[in-house]
Amino acid sequence: MNPAEATTRLCLECGLCCDGVLFSDVELQPGDDARQLRALGLPVAVKRGTRAVQRFPQPCAALCADNRCRIYDDRPARCREFECGVLKEVIADRLDTGAALRLIHQARQRAKRVRELLRQLGDQEEHLPLGTRFRQARRCFENGAADAAAAELFGELTLAVHQLNVLTHERFYTREGGAAAPPSATGGS
Ligand code: SF4
């Protein structure tokens with residue numbers, strides 16, 4: 001299947017690389033116009049860590065409810081270039097569309113379960129990436145702030161995050177150029 005056809009068929013059913021499930025933020029690349037992207041509504045900021053880079057957070061401010069990108073024609077380089085493992089397999093004709101859609105559905109269901117459990121634990125911070133929300137819940141639990149019911153929910157949450165991560169690491173993340181897989185729901189960043 002050609003890339004444009006595969007993207008239309010799969011990505012509009014998915015959105016996992018934009019909604020805070022696969023990534024916590026996106027780094028700008030040389031050639032990206034930070035000022036223009038800010039004017040388009042992306043909250044680009046310099047995040048200081050091991051090196052200062054301009055990034056914008058996920059879930060993406062330009063992601064629409066129907067999984068379309070509000071700034072598609074002007075989206076940054078990373079967003080133009082990224083193809084997850086499932087999309088790559090379909091483009092290479094190693095996976096049929098039906099199987100790809102089933103994987104996407106399964107991953108979305110697992111992410112939904114994680115969000116439900118976070119809400120039950122009192123986390124309403126839907127604007128944050130899933131990994132950040134899970135780490136906040138874990139800190140709360142490790143600080144001894146959880147009663148028995150919350151501890152049980154946290155156990156269910158840990159299992160749900162693990163199940164999501166197994167699927168995303170097996171099928172969605174890629175190792176381009178030998179680079180390490182990006183952070184996921186339980187990972188860093
Ligand atoms: S995770 Fe893959 S299939 Fe889903 S929107 Fe991103 S590129 Fe498309």
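Modeller: A residue counts as buried when its relative accessible area is under 20%, as exposed over 50%, and as partly exposed in between. The model above is a predicted one. In this model phenylalanine 23 has a relative accessible area of 15%, so it is buried.

Biologist: Is phenylalanine 82 buried, partly exposed or exposed?

Modeller: Phenylalanine 82 has a relative accessible area of 23%, which means that it is partly exposed.

Biologist: How is a pair of aromatic rings described?

Modeller: Two values describe such a pair: the distance of the centres and the angle of the planes. A pair is counted if the centres lie within 6.5 Å. In this model the count is 4 aromatic pairs. One of them joins phenylalanine 23 and phenylalanine 82: the ring centres are 5.3 Å apart and the planes stand at 90 degrees, so this pair is edge-to-face.

Biologist: Where in the chain do phenylalanine 23 and phenylalanine 82 lie?

Modeller: Phenylalanine 23 is in the loop between α1 (3–11) and β1 (25–27), and phenylalanine 82 is in the loop between α3 (77–81) and α4 (85–91). The two are 59 residues apart, and the pair links distant parts of the chain.

Biologist: Why is the pair of phenylalanine 134 and phenylalanine 154 given a type by the angle of its planes?

Modeller: Planes under 30 degrees apart count as stacked. Here the angle is 0 degrees and the centres are 6.0 Å apart, so the pair of phenylalanine 134 and phenylalanine 154 is stacked. Phenylalanine 134 belongs to helix α6 (residues 130–142) and phenylalanine 154 to helix α7 (residues 148–172), so the pair ties together parts 20 residues apart in sequence.

Biologist: Which residues do ring pairs link into a cluster?

Modeller: The cluster consists of Phe23, Phe82 and Tyr173. Arginine 75 lies over the face of tyrosine 72, at 3.7 Å from the ring centre.

Biologist: Which residues line the second largest pocket?

Modeller: The lining includes Leu118, Arg133, Cys140 and Phe154. Helices α6 and α7 are the elements that give two or more residues to this lining, and the largest share, 5 residues, comes from α6. By class, the lining has 8 nonpolar, 1 polar and 2 charged residues. The pocket has a volume of about 200 Å³.

Biologist: Which residues are around the ligand?

Modeller: They are Cys11, Cys14, Gly15, Cys17, Leu22, Cys84, Leu87 and Phe172. This shell divides into 7 nonpolar residues, 1 polar residue and no charged residue.

Biologist: Next, the backbone. Which residues does a cis peptide bond join?

Modeller: The bond joins glutamine 58 and proline 59, with omega at about 0 degrees. Proline 59 is in the loop between β3 (53–57) and α3.

Biologist: What is the phi of asparagine 67, which is not a glycine?

Modeller: Asparagine 67 has a positive phi of about 70 degrees. Its place is in the loop between β3 and α3, and at 17% relative accessibility asparagine 67 is buried. Aspartate 93 is not a glycine and has a positive phi of about 60 degrees. Aspartate 93 is in the loop between α4 and α5 (97–120), and with a relative accessible area of 59% it is exposed.

Conventions
Residues are numbered from 1 along each chain as its sequence is written. This is a predicted model: local features need pLDDT of at least 70, side-chain atom pairs count only at pLDDT 80 or more; totals for chains, interfaces and linings use all residues. Side-chain values use heavy atoms; hydrogens and water are left out. Rings of Phe, Tyr and Trp (its six-membered ring) pair if their centres lie within 6.5 Å; planes under 30 degrees apart count as stacked, over 60 as edge-to-face and the rest as tilted. Helices (H or I, at least four residues) and strands (E, at least two) are DSSP runs, numbered from the N terminus. Buried means under 20% relative accessible area, exposed over 50%, partly exposed in between (1.4 Å probe, protein chains only). A charge sits over a ring if NZ of Lys or CZ of Arg is within 6 Å of the ring centre and within 35 degrees of the ring normal. A residue is near a molecule or strand if one of its heavy atoms lies within 4 Å of it. Ala, Val, Leu, Ile, Met, Phe, Trp, Tyr, Cys and Pro count as nonpolar, Asp, Glu, Lys and Arg as charged, and the others, Gly among them, as polar. On a 1 Å grid over the protein atoms alone, a cavity is a set of points where a 1.4 Å probe fits but cannot get out, and a pocket is an open set with protein on both sides within 12 Å along at least five of seven lines; lining residues have an atom within 4 Å of a point. Grid points are joined across faces, edges and corners, and a volume is the space filled by probe spheres set on the points.
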